[in-house]
Amino acid sequence: ALRGHKGWGPQWASPEPRKDYDVIIIGGGGHGLGAAYYLAKEHGITNVAVLEKGWIGGGNTGRNTTIIRSNYLYEESMDIYEHSLKLWENLSQDLNYNVMYSPRGVMMLSHNIHDQQSFKRHINANRLYGIDNEWLTPEQAKAYCPPLDIAKNARYPINGAALQRRGGTARHDAVAWGYARGASDRGVHIIQNCEVTGIRRDETGKVTGVDTNRGFIGAKKIGVSAAGHSSVLMEMADVRVPLQSQPLQALVSEPLKPMFPCVVMSNSVHAYISQSDKGELVIGAGTDQYNSYSQTGGLQIITHTLDAICELFPMFRRVKMMRQWGGIVDVTQDRSPIQGITPVPGLFLNAGWGTGGFKATPGSANLFAHLIARGEPHRLAAGLTLDRFRTGRLIDEAAAAAVAH
Ligand SMILES: Cc1cc2nc3c(=O)[nH]c(=O)nc-3n(C[C@H](O)[C@H](O)[C@H](O)COP(=O)(O)OP(=O)(O)OC[C@H]3O[C@@H](n4cnc5c(N)ncnc54)[C@H](O)[C@@H]3O)c2cc1C
Ligand SMILES: CSCC(=O)[O-]
């Protein structure tokens with residue numbers, strides 16, 4: 001039973017936009033909706049609107065392969081991903097909405113000495129920082145995931161694996177719906193079919209509001225959380241950001257009996273796989289290596305990824321694939337996100353989550369709300385500045401970003 005639920009149909013109000021708000025968040029994905037929720041819940045700021053050009057969750061939040069983990073290398077990354085993982089553990093209770101978080105374990109396969117050295121470095125860094133991660137022999141990896149082929153004569157032989165047992169999956173669109181309902185119940189306006197077409201500033205350069213397809217809406221503060229379109233939005237305020245927007249594809253198979261117990265990822269052969277609660281194998285790939293705003297992608301990526309899956313799991317060679325789709329991921333050079341103030345007073349940016357921002361949804365949203373409310377970053381997000389691309393103090397997480405991104 002949903003506490004306080006007001007009958008069937010949309011579980012959040014869909015009001016007409018007011019003339020102005022204290023805060024406007026551009027982007028009705030998990031990060032934007034969650035930030036609005038935490039602004040209301042933790043900072044008492046409720047005169048907020050989330051403006052979404054399409055429908056909430058229609059962007060990457062509803063298109064991803066739902067992998068959750070926090071086994072990154074640097075402290076700046078471990079801080080925000082572990083903050084997020086801790087929030088995932090009670091998010092269903094917090095939202096009174098079942099987001100189906102499932103800590104089934106995320107196993108990263110090692111195929112060569114370089115993988116092994118890289119994963120053991122992550123494991124040591126994680127454990128020194130109090131984050132669970134462990135090395136498995138091939139036999140231990142197979143015991144944990146029986147469908148895995150560890151034959152020595154396999155095309156991509158496995159010499160071990162890194163396992164984060166608290167990693168896992170969640171139901172992605174439920175996260176958007178849960179945050180939207182929680183925010184709406186606290187007075188936040190969730191406004192769909194409202195595309196931002198301009199960001200207005202006064203003579204001092206401070207933001208005054210946004211132009212939209214539903215007219216001008218005033219705001220004292222504006223948060224941009226639009227993933228693959230974040231650079232397009234920031235350009236509306238004359239701010240160039242170091243993001244590339246690239247297609248990232250995924251696909252699902254026909255439903256099968258439950259038989260795949262965890263998430264398996266392989267950087268070297270560019271594929272990752274899990275099984276949804278509906279029985280479908282959920283398979284992900286590397287990005288298409290060109291800039292594009294199309295939510296599709298090239299067939300060569302899919303065939304390459306399925307080659308890899310069939311090598312790692314020969315038992316799947318006759319499974320039928322049911323559907324493929326793509327999203328637009330906002331990728332930074334160092335594969336780490338940007339969450340911070342911008343050169344424009346009153347304009348805040350949350351972007352650059354690239355191929356790995358679903359796992360960060362609650363943590364990023366929680367800290368983005370702190371940034372907008374207080375005007376300065378929370379210590380757990382202090383390193384994720386836009387300025388690092390000027391100073392060169394990058395946070396290189398290409399290895400932890402996994403697969404070929
Ligand atoms: C195929 C795929 C697989 C992935 N797998 C994983 C995974 O397994 N694990 C993981 O951690 N991450 C994964 N990711 C990445 C993850 O999905 C994203 O990083 C994350 O969901 C971004 O959330 P968001 O709320 O910032 O963006 P989104 O959910 O994309 O929300 C941004 C919203 O902004 C809206 N918008 C854009 N322009 C405007 C405008 N002008 N006006 C108003 N609204 C606008 C868009 O319509 C969109 O709804 C994957 C991504 C893809 C595409
Ligand atoms: C799309 S890659 C999934 C992840 O980042 O764990």
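User: Which atom of K359 lies 2.6 Å from an oxygen atom of ligand 2?
Analyst: A polar side-chain atom. It is a polar contact, meaning a pair of N or O atoms within 3.5 Å; within protein, one must be able to donate a hydrogen and the other to accept it, and residues adjacent in sequence count only if both atoms are side-chain atoms. This is a predicted model, where local features need pLDDT of at least 70, side-chain atom pairs count only at pLDDT 80 or more, and totals for chains, interfaces and linings use all residues. Side-chain values use heavy atoms, with hydrogens and water left out.

User: And R69, how is that placed against ligand 2?
Analyst: A polar side-chain atom of R69 is 2.7 Å from an oxygen atom of ligand 2.

User: How many residues surround ligand 2?
Analyst: Eight, the closest being I67, R69, Y272, T355 and K359. A residue is near a molecule if one of its heavy atoms lies within 4 Å of it. The protein covers 96% of the 240 Å² of accessible area that ligand 2 has on its own, by the Shrake-Rupley method with a 1.4 Å probe.

User: What about ligand 1, which residues are closest?
Analyst: E52, N60, T61, T65 and K359, out of 37 that surround ligand 1.

User: Which polar contacts does ligand 1 have?
Analyst: Among them, a polar side-chain atom of T61 lies 2.6 Å from an oxygen atom of ligand 1. A backbone N or O atom of I67 is 2.9 Å from an oxygen atom of ligand 1, and a polar backbone atom of G354 is 3.3 Å from one. The protein covers 96% of the 1,000 Å² of accessible area that ligand 1 has on its own.

User: Which element gives the largest share of the shell around ligand 1?
Analyst: Strand β12, with three residues. α1 (30-43), β12 and β16 each supply at least two. Helices (H or I, at least four residues) and strands (E, at least two) are DSSP runs, numbered from the N terminus.

User: Switching to the sheet. What is the strand order?
Analyst: β5-β6-β4-β13-β14-β15-β12-β16, an open sheet of eight strands with mixed pairing. Two strands pair if DSSP finds at least two bridges between them. The edge strands are β5 (134-136) and β16 (321-331), each pairing on one side only.

User: How many bridges join β14 to β15?
Analyst: Four, between residues 271-275 and 281-287, with the strands running antiparallel. S274 stands opposite V282 in β15.

Definitions and conventions:
Residues are numbered from 1 along each chain as its sequence is written. Chains are lettered from A and ligands numbered from 1 in the order in which they are written.
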